[in-house]
Amino acid sequence: MDMVAGRSMRIITIANQKGGVGKTTTAINLATALAAIGKRTLLVDLDPQGNASTGLGIEKDDREVSSYDVLMETASITEAAMPTAVPNLSVIASTLDLLGLEMEIAGATGRAYRLRDALHFHQVETPLFDFVLVDCPPSLNLLTINAMAAADSILVPLQCEFFALEGLSQLLQTVEQVRDSLNPTLDLHGIVLTMYDGRNNLAAQVVRDVRSYMGEHVYDTIIPRNVRVSEAPSFGKPAILYDMKCSGSQAYIRLASEIIQRERRLVAA
Ligand SMILES: Nc1ncnc2c1ncn2[C@@H]1O[C@H](COP(=O)(O)OP(=O)(O)O)[C@@H](O)[C@H]1O
Ligand SMILES: [Mg+2]
């Protein structure tokens, strides 16, 4: 822990190898909610699709320095971070260049530590952020491994659907492997249930199952399915800016305060 309370940088990686479970939506809106309560926040987009960058209004042509450059060690965190329309929120955008990264650094030693080293250097030099959130691609590839190796903890979005638990054990196994090999202090920050539809009986059953299987690891906050949340990215805005009052935005604001509370407990422990 940092000597100056509250000045240490917390790195949370948002991962699930399944696509479409709400990783990017969670990354954007959680980052926005943390920024809104005054936390200096950086979102690192590690998905070649770049949906987090687009959802924060960063045009493709403006991504001159990206997460690819950071992982290639040709740009620092400070050089790659771009301001967004949200005060206190910066983003390191991604480009399709990331698709080639795995091949390009396949033989390099320490290739799993590229992001960690860049963030660590940043923390030592000029810690401009309280929170760093990393949005991962939908696979357990070198990009996700970099994100896990760099993180203090993992946040897993889990869609409220029948097969939710199936992919979770594979993900937890990967977290375990990363802990054994690359990052012994990595912990599971929590599991957030997303796209909950109260009219669907199955969804309620999934919530019960996930809670009984994962217990304390599951956040109290559940993110409802909410059309405003899915509309927002096409306006290049986080849902919280697009419609702060909608149920989805409100849920993400609650999730942010729950996360801050968990962080406090970690600090106190
Ligand atoms: N709470 C929600 N309510 C409605 N639609 C959502 C919600 N969360 C995510 N979506 C939509 O579901 C799709 C997948 O979400 P996304 O965050 O991109 O998942 P991932 O990053 O895991 O692939 C997107 O079209 C997104 O807008
Ligand atoms: Mg995504």
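## Basis

Helices (H or I, at least four residues) and strands (E, at least two) are DSSP runs, numbered from the N terminus. This is a predicted model, in which local features need pLDDT of at least 70, side-chain atom pairs count only at pLDDT 80 or more, and totals for chains, interfaces and linings use all residues. Residues are numbered from 1 along each chain as its sequence is written, chains are lettered from A and ligands numbered from 1 in the order in which they are written, and side-chain values use heavy atoms, with hydrogens and water left out.

Phenylalanine 163 lies in the loop that runs between strand S6 (153-159) and helix H8 (164-181). With a relative accessibility of 46%, phenylalanine 163 is partly exposed (between buried, under 20% relative accessible area, and exposed, over 50%, with a 1.4 Å probe and protein chains only).

## Cysteines

The whole structure contains zero disulfides, a disulfide being a pair of cysteine sulfur atoms within 2.5 Å. The sulfur of cysteine 160 has its closest cysteine sulfur, that of cysteine 246, 17 Å away, which is too far for a bond. Cysteine 160 is buried at 9% relative accessibility, and cysteine 246 is buried with a relative accessible area of 7%.
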